[in-house]
Amino acid sequence: MPERLFTCTPSKLGAYADCPRRYRYAYVDRPAPQKGPPWAHNSLGASVHTALKNWYALSADRRRPEALPALLKGTWVREGYRDDEQERAAYQRALGWLEGYVATLDPGDDPLGVERVVAVKTAVLAFNGRADRIDSRPGPDGPELVIVDYKTGRTGLDADDARGSQALALYAYAAERTFRRPCRRVELHHLPTGTVAGHDHSEESLARQLSRAEDTARDIMAAERAVTDGADPDEAFPTVAGPRCGWCDYRRTCPVGAQTPGREPWSAIDRPAAPVAD
């Protein structure tokens with residue numbers, strides 16, 4: 001009998017790559033352990049992403065800067081902030097990011113997809129993911145697709161970040177097969193700095209990223225089978241200790257993570273280098 005495909009998203013693969021124990025808490029243990037409180041930087045990122053999604057839902061003649069305050073207010077997520085003052089400051093900061101970013105956009109340009117789900121199956125994976133934006137741009141041999149991912153977190157994004165992003169590569173691989181158009185260009189649009197970090201993949205580099213994703217999937221399935229066969233779940237899904245532990249949703253449940261000082265839910269908002277928020 002053929003082995004079942006591993007159903008996954010970029011976040012599911014990334015959780016295991018970051019820490020197998022965190023993956024276990026999120027996707028294996030049932031009932032799942034209780035998470036910690038919501039993070040303000042995630043609320044901020046989600047608010048900005050949804051505002052941009054709703055920006056493109058407007059007709060072209062209504063895509064004007066003065067529409068942004070209402071769009072952001074209508075999508076604003078309030079969870080995780082220290083107090084009203086910090087939340088108001090974050091709102092104004094986010095509004096400034098959006099105003100600066102839409103000033104670089106042509107209101108008449110409609111992406112091929114906004115918050116578009118793309119999916120693909122391989123011999124190992126049944127992959128699906130939601131791309132922030134998929135553009136169609138002129139290429140030497142006709143229209144080509146570009147994966148655009150918005151970032152509101154840490155600074156310092158560059159071409160290496162775009163090149164090394166497994167999520168972007170998998171989006172490109174899936175989009176190319178979903179739309180039957182070339183998709184090799186991936187971009188990280190960092191709203192706080194107004195910068196774009198891009199990379200042009202080759203067929204070979206996309207294949208390498210896909211192969212790494214399949215290797216991760218095989219490791220996950222092997223660990224899950226081991227637990228089913230009676231192995232100690234803590235050994236099958238070990239903790240990878242490090243600075244990330246302080247930001248982990250399951251820090252209080254994890255014996256190793258609990259030894260790491262936890263971050264306050266709003267800590268990243270006041271830090272110049274915050275964790276990445278998708």
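## Glu115 and the basis of the model

Glu115 is placed in strand β2, residues 113–121, where strands (E, at least two residues) and helices (H or I, at least four) are DSSP runs numbered from the N terminus. This residue has a positive phi of about 50° although it is not a glycine, and at 18% relative accessibility Glu115 counts as buried, a term that stands for under 20% relative accessible area, with exposed meaning over 50% and partly exposed the range in between (1.4 Å probe, protein chains only).

The model is predicted, so that local features need pLDDT of at least 70 and side-chain atom pairs count only at pLDDT 80 or more, while totals for chains, interfaces and linings use all residues. Residues are numbered from 1 along each chain as its sequence is written, and side-chain values use heavy atoms, with hydrogens and water left out.

## The annotated span

In an unreviewed entry, UniProt lists residues 9–255 as "domain: PD-(D/E)XK endonuclease-like"; the positions are given in the numbering used here, the feature name is shortened, and such annotations may be inferred rather than shown by experiment. The end C-alpha atoms of residues 9–255 lie 27 Å apart, and the span is 46% helix and 19% strand.

## Helices α1 and α2

Helix α1 (residues 10–18) and helix α2 (residues 20–28) have axes that come within 5 Å and cross at roughly 135°, the axes being lines fitted to C-alpha atoms over the stretch in contact and the angles running from 0 to 180 degrees between N-to-C directions. That makes α1 oblique to α2, given that angles under 35 degrees count as roughly parallel, over 145 as roughly antiparallel, 65 to 115 as roughly perpendicular and the rest as oblique. On the α1 side the contact (heavy atoms within 4.5 Å) is made by Ser11, Lys12, Gly14, Ala15, Tyr16 and Asp18, and on the α2 side by Pro20, Arg22, Tyr23 and Tyr27.

Within α1, the buried residues are Pro10, Lys12, Leu13, Ala15 and Tyr16. The buried residues of this helix pack against β1, α2, β3 (125–139), α7 (166–179) and α8.

## Salt bridges

Side chains of opposite charge can pair when their charged atoms come close. The structure holds 21 salt bridges, each defined as a side-chain nitrogen of Lys or Arg within 4 Å of a carboxyl oxygen of Asp or Glu. In one of them, Glu224 meets Arg4 at 3.3 Å, N to O; Glu224 lies in helix α8 (residues 203–228) and Arg4 in the segment before β1 (6–8), so the pair ties together parts that are 220 residues apart in sequence. Glu224, at 18% relative accessibility, counts as buried, whereas Arg4, at 51%, counts as exposed.

Arg24 and Asp29 form a salt bridge at 3.1 Å, N to O, and Arg24 counts as buried at 10% relative accessibility. Asp160 and Arg163 are joined at 3.7 Å, N to O; these two residues are three apart in helix α6 (residues 159–164), a separation of about one helical turn. A network of salt bridges links Arg133, Asp135, Arg137, Arg185, Glu187 and Asp200.

## Backbone features in loops

The peptide bond from Arg30 to Pro31 is cis, with omega near 0°, and Pro31 is found in the loop between α2 and α3 (40–57).

Arg180 also has a positive phi, of about 55°, although it is not a glycine. Arg180 sits in the loop between α7 and β5 (183–190) and counts as exposed at 75% relative accessibility.
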